[in-house]
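Subject: Structure handover and notes

Hello,

Please find the structure below, with my notes after it. Could you read them alongside the model?

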Amino acid sequence: MTTSFAMIRLADQSVVIDLEAVQKLGLDDYAMEILAHEVGHHVLAPANASDHFRLLATIRKGLPTLEKHAAMVANLYTDLLINDRLQRQGRLQMHTIYQKLLAGQPAMTKAGVWALYMRIYERLWTLESGSLGVAVDDPLFESHSWLGARLVRVYANDWLTGGARFAALLLPYLHEAAEEEAAALERLHDTREAGLDCEPCGLVDYGDGELQDPIHPVEDPLINDNLDKSPEVPTPQTTDANTPGRGQRREPFEYGEILRAAGLKLSDADMAVRYYREAALPYLIPFPKSKVPQRQEAQMEGLEAWELGDALDDIDWLASLSLSPHAVPGVTTMKRHYGLAPGNEPASKPIDLDIYVDSSGSMPNPQQRISYMALAGAVICLSALRGGSRVQATLWSGKNQFTSTPGFVRDEEAILRILTGHLGGATAFPIHKLRETFSTRAEHERDCHILHISDDGITTMFDDDERGNSGWEVAAQALQRGRAGGTMALNLWQDWQTSNTKVSQDLRRARIEQGWQIHMVNDLPQLLDFAREFSRRHYGDRKQERLDASRDGPFPRAFAKHGARP
């Protein structure tokens with residue numbers, strides 16, 4: 001610790017104290033107060049990592065343009081809640097600690113964050129004015145300190161709601177915060193890295209409290225007795241197009257800022273991996289598997305000695321006790337030996353996935369703004385891994401500008417790093433990568449499905465490669481050797497199926513001649529349609545699929561939802 005003399009860690013519920021700093025500050029006789037305060041962070045506020053993240057998100061809402069101070073404001077707020085509880089109910093001398101910290105310092109005559117913080121304590125504990133070094137002669141400052149004390153008491157049991165209100169109260173003082181104030185506040189910042197090594201959960205979507213504009217305590221009838229507390233008839237309000245609605249997702253960059261404020265030391269790529277993993281989990285689908293003639297079933301073939309180190313559940317106690325009434329582990333203990341025999345039911349084998357993600361300049365950066373194309377890829381890839389499949393992911397942009405996983409892997413993080421990466425160059429599909437992947441694929445290897453996530457730039461896949469081979473032939477060979485079909489999830493314009501542009505003509509040709517399944521995906525509803533259609537077509541009932549095909553003709557129903565048929 002280089003700033004504060006105490007800290008907590010939520011990942012392992014630890015309290016860390018710098019005893020040398022405690023001695024230098026003259027706080028040796030206040031071990032109970034210091035430890036009780038740190039334990040209070042674990043049991044009262046924020047109590048757990050989830051609420052810590054939620055509080056930071058709420059406080060950021062109350063600090064427009066000054067969101068960088070959210071971690072410090074959250075710490076001051078939770079300290080007020082904890083110290084007030086300990087002073088009043090625990091009968092601990094919390095005020096004495098602050099008097100020790102302020103000993104020898106001149107009185108605070110200028111309104112600021114530190115002065116307001118100390119004056120709130122004086123009001124909470126009915127101390128004489130100036131007991132904690134505050135000598136500010138300003139009626140507005142006095143009003144704000146009274147509102148802060150009221151807020152701590154009113155929202156003691158609903159402190160998540162009060163977080164944004166406290167932030168709004170401190171906002172004007174943060175604009176004028178001096179460097180000496182910042183140093184004093186840092187000395188008490190014991191939750192700076194509280195969220196380190198924690199896994200965030202529930203941050204992708206906005207919480208209900210975040211969807212409302214922050215209320216200043218003076219406008220809260222529960223805090224300000226001078227306001228009319230009678231319920232008012234709600235009046236219709238216009239909603240700005242940029243205002244997040246219920247259930248709407250926050251952007252990846254905002255998600256990353258909250259995690260950093262909680263103490264997580266992650267790069268933009270690491271943040272994006274966590275963001276899209278959490279966003280994709282509710283939409284995972286059954287990934288297709290191929291049928292094999294017979295399932296191998298376990299058959300008991302006899303008994304063998306159970307030895308130390310084997311699983312305890314493997315012991316056959318009936319056989320062991322029949323050998324000796326006194327069980328001696330590793331000597332008289334027995335376990336069953338199983339072999340494999342063909343069963344009556346057919347088995348299934350996972351289908352691998354080869355996914356290509358367009359990262360040219362026309363595609364959004366998934367690390368800054370939410371990309372439904374990247375989210376669609378995350379849904380499919382995580383579904384594939386859950387079903388036992390292996391995935392090869394390739395991120396591509398301009399000529400010779402691509403990166404890929406080392407073949408087909410089951411490393412979730414490595415795959416998501418590819419999906420959420422961004423190159424931002426020109427547009428040139430790596431035809432040689434597709435060619436090399438399937439040119440040497442043997443017959444005994446798993447079937448493999450090919451998935452492209454792109455926009456109209458995907459048609460560069462049909463250009464000639466560096467050897468002069470036609471991209472159409474490479475794509476056809478890949479589908480033939482993959483044996484599990486191919487899908488394109490594309491960010492396209494609405495009438496792409498009726499347009500006479502070369503891109504539209506190439507896409508229609510790819511669908512009709514080679515069997516590529518093409519889906520338009522540019523918002524959440526279309527993403528869900530794509531995932532469900534993918535699951536139905538490759539995993540569902542074949543009889544139902546034939547019925548749908550006869551009803552719709554050669555084009556599946558999902559296409560009709562997003563544009564007229566050609």
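The buried residues of helix H16 are Gly471, Trp472, Val474, Ala475, Ala478, Leu479 and Gly482. Buried means under 20% relative accessible area, exposed means over 50%, and partly exposed is in between, computed with a 1.4 Å probe on protein chains only. Seen down the axis of H16, these buried residues fall within an arc of 165 degrees, so they line one face of the helix; the arc is that of the directions from the helix axis to the C-beta atoms. The face turned away from the buried side carries the exposed residues Glu473 and Gln480.

This is a predicted model, in which local features need pLDDT of at least 70 and side-chain atom pairs count only at pLDDT 80 or more, while totals for chains, interfaces and linings use all residues. Residues are numbered from 1 along each chain as its sequence is written, and side-chain values use heavy atoms, with hydrogens and water left out. Helices (H or I, at least four residues) and strands (E, at least two) are DSSP runs, numbered from the N terminus.

More on H16 and its surroundings

H16 has twelve residues, 471-482, which at 1.5 Å a residue should span 16 Å; its end C-alpha atoms are 16 Å apart, which agrees. The expected span is 1.5 Å times one less than the number of residues. At the start of the helix, a side-chain oxygen of Ser470 reaches to within 3.2 Å of the backbone nitrogen of Trp472. That is a polar contact: a pair of N or O atoms within 3.5 Å, where within protein one must be able to donate a hydrogen and the other to accept it, and residues adjacent in sequence count only if both atoms are side-chain atoms. After H16 comes Arg483, whose phi is positive, near 65 degrees.

What do the buried residues of H16 pack against? They pack against helix H15 (431-439), strand S10 (448-454), strand S11 (483-490) and helix H17 (502-514). Contact here means heavy atoms within 4.5 Å.

Strand S10

Seven of the seven residues of S10 are buried. Both of its faces are covered, with Cys448, Ile450, His452 and Ser454 on one side and His449, Leu451 and Ile453 on the other. In a regular strand the side chains alternate between the two faces of the sheet.

S10 runs parallel to strand S7 (residues 352-358), and six bridges join the two. In this pair, Tyr356 stands opposite His452. S10 is also joined to S11 by six bridges, again in parallel, and Ile453 stands opposite Ala489 in S11. Two strands pair if DSSP finds at least two bridges between them. Together, S10, H16 and S11 make a right-handed β-α-β unit. Right-handed means that, with the strands pointing away from the viewer, the path from the first strand over the helix to the second runs clockwise.

Helix H10

Seven of the ten residues of H10 (residues 252-261) are buried, so this helix is largely enclosed by the rest of the structure. The buried ones are Pro252, Glu254, Tyr255, Gly256, Ile258, Leu259 and Ala261. Their cover includes helix H3 (49-61), helix H4 (70-88) and helix H11 (268-280). Just after H10, Gly263 takes a positive phi of about 105 degrees.

Backbone points to check

Most residues other than glycine have a negative phi, and most peptide bonds are trans. The peptide bond from Ala45 to Pro46 is cis, with omega near 5 degrees. Pro46 is in the loop between helix H2 (31-43) and H3. Ala47 lies in the loop between H2 and H3 as well; its phi is positive, about 80 degrees, although it is not a glycine. Ala47 is partly exposed, at 25% relative accessibility.

Gln13 also has a positive phi, near 50 degrees. Gln13 sits in the loop between strand S1 (6-9) and strand S2 (14-17) and is exposed, with a relative accessible area of 59%.

Two single residues

Gln392 is in strand S8 (residues 391-396) and is buried, with a relative accessible area of 4%. A polar contact of 3.1 Å joins its side chain to that of Thr437. Not counting residues up to four places away in sequence, Gln392 touches residues including Asp354, Tyr356, Phe408 and Lys433.

Gly424 is in the loop between helix H14 (412-419) and H15, and is partly exposed at 37% relative accessible area. Gly424 and Ser360 are 64 residues apart in sequence and 4.5 Å apart in space, C-alpha to C-alpha.

Regards
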